[in-house]
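Good morning, and thank you for making time for this item. Please look at the sequence and the structure as they come up, and I shall then go through the main points.

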Amino acid sequence: MQFIDQARIGVRAGRGGDGIVAFRREKYVPAGGPAGGDGGRGGDVLLLADANLQTLLDFKYKRLFAATDGGRGGPNRCTGASGAPLTIRVPCGTEVRDLRTGILLGDLTEAGQELLVAAGGRGGLGNAHYLSNRNRAPEKCTEGKEGEEWQLQLELKLLAEVGIIGLPNAGKSTLIAVLSAARPKIADYPFTTLVPNLGVVRRPSGDGTVFADIPGLIAGAARGAGLGHDFLRHIERTRLLVHLVDASSAEVLADLEVVERELAAYGHGLDQRPRLVVLNKIELLEDSEVEILLQRIGEGREGMAAPPLAISAATSRGLDRLLAAVWKELGVG
Ligand SMILES: Nc1nc2c(ncn2[C@@H]2O[C@H](COP(=O)(O)OP(=O)(O)OP(=O)(O)O)[C@@H](O)[C@H]2O)c(=O)[nH]1
Ligand SMILES: [Mg+2]
């Protein structure tokens, strides 16, 4: 299951430093020759593929990237300092296009791959370059060149890392809506969600993780019943499942079992996928009832690493603990 993340950024390489006019001044040398140094090169702007990034979320906030300018030339033929290059980290799989023409400039597929997107301007020449037989004391120098400047379109095909599964009406779409900017349809009837919704949830480290809200699964889903079957195929690629169950149901444990059985029946290792069992709609119950449910779920699932959690997506209760558990399971900060 994929969707496309996009961002537009402006990149500007550093301007080259100017060359200067200067003459040698030394003791016992009456008329020193031209000694004005060249300007330094402006810094380049590069993109670098980083395996630790998953989304283009950070580019929603910072949009202009400029490398530093080269320094002016100095006396005694000293070349000015080069501008420092600027490296922008992007997720692996980012495609880079020129915004105006749509021309593909590069595809950063492998971690560590670099792409030069704006070349620094050349430094200007100092007057030392213009010494000739005709002109022993040239007053000429040139300015540094502007660095390149481009508007870029970044595109990334997102893969969901976390799948939210459960029976119809469990509150899966409500959960992704409170965690991310996704705005799926939410309604009090089963099969509201017909295709997965993806949402990017910000991690503590700043980058994001993609969550997918999967259409409700019902008994027989693995054999094609309901809508969920098509999507079991997609959650094969997720790293973690959040199994949401309606705590106000009369049969919470049986509800959990229905979905668990479908995962097992589907095979492909889905029933081995790490998952968090999460009770939703807990504001409809007394705290003591929630405790008892959590205990009973825990008892039936001693093999599972993570204990069951309790949330209320509608009132945003327990979401911090849920996210903390998700980041822990994924091993991300
Ligand atoms: N009381 C209460 N209701 C909730 C909570 N979370 C979701 N709901 C309600 O439960 C109903 C179903 O929510 P959805 O988010 O559409 O459920 P879903 O799991 O996506 O359902 P399908 O797409 O049909 O599989 C809606 O009426 C929601 O408002 C909650 O924490 N408390
Ligand atoms: Mg839904």
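Which domains does the domain assignment of the chain give? It gives domain 1, covering residues 2-157, and domain 2, covering residues 160-330. Please keep in mind throughout that this is a predicted model.

I begin with how the two domains stand to each other. Taken over C-alpha atoms, the centres of domain 1 and domain 2 are separated by 49 Å. The contact between them involves six residues of domain 1 and nine residues of domain 2. On the side of domain 1 that touches domain 2, three of the residues are nonpolar, two are polar and one is charged.

Next, a sheet. Three strands make up an open sheet with mixed pairing, and their order is β4-β2-β7. At the edges are β4, residues 86-91, and β7, residues 114-118, each of which pairs on one side only. From one strand to the next, the twist averages 30°. Strand β2, residues 45-50, runs antiparallel to β7, and four bridges join the two. To place one of these pairs on your display, find V45, whose bridge partner in β7 is A118.

N169 is not a glycine, yet its phi is positive, at about 75°. This residue sits in the loop that links β9 (162-166) with α1 (172-179). K281 is likewise a non-glycine residue with a positive phi, here about 65°. Its loop is the one between β13 (275-280) and α4 (287-300).

Are these residues buried or exposed? N169 has 18 other C-beta atoms within 10 Å, and is therefore classed as partly exposed. K281 has 22 other C-beta atoms within 10 Å; the cut-off for a buried residue is 20 or more, so K281 counts as buried.

Finally, the ligand. How many residues surround ligand 1? There are 24, and the closest are G171, S173, T193, G216 and A314. Which element gives the most to this shell? That is α1, with three residues. By class, the shell around ligand 1 contains 10 nonpolar residues, 10 polar residues and four charged residues.

That concludes my summary, and I am glad to take comments.

Conventions. Residues numbered from 1 in each chain as written. Chains lettered and ligands numbered in written order. Predicted model: local features only at pLDDT ≥ 70, side-chain atom pairs only at ≥ 80, totals over all residues. Pairing = 2+ DSSP bridges. Axes fitted to C-alpha atoms, helices over the stretch in contact; angles between N-to-C directions. Domains from an automatic or database assignment. Contact = placed C-beta atoms within 7 Å. Nonpolar A, V, L, I, M, F, W, Y, C, P; charged D, E, K, R; others polar. Buried ≥ 20, exposed ≤ 12 C-beta atoms within 10 Å, placed from the backbone. Near = placed C-beta within 6 Å.
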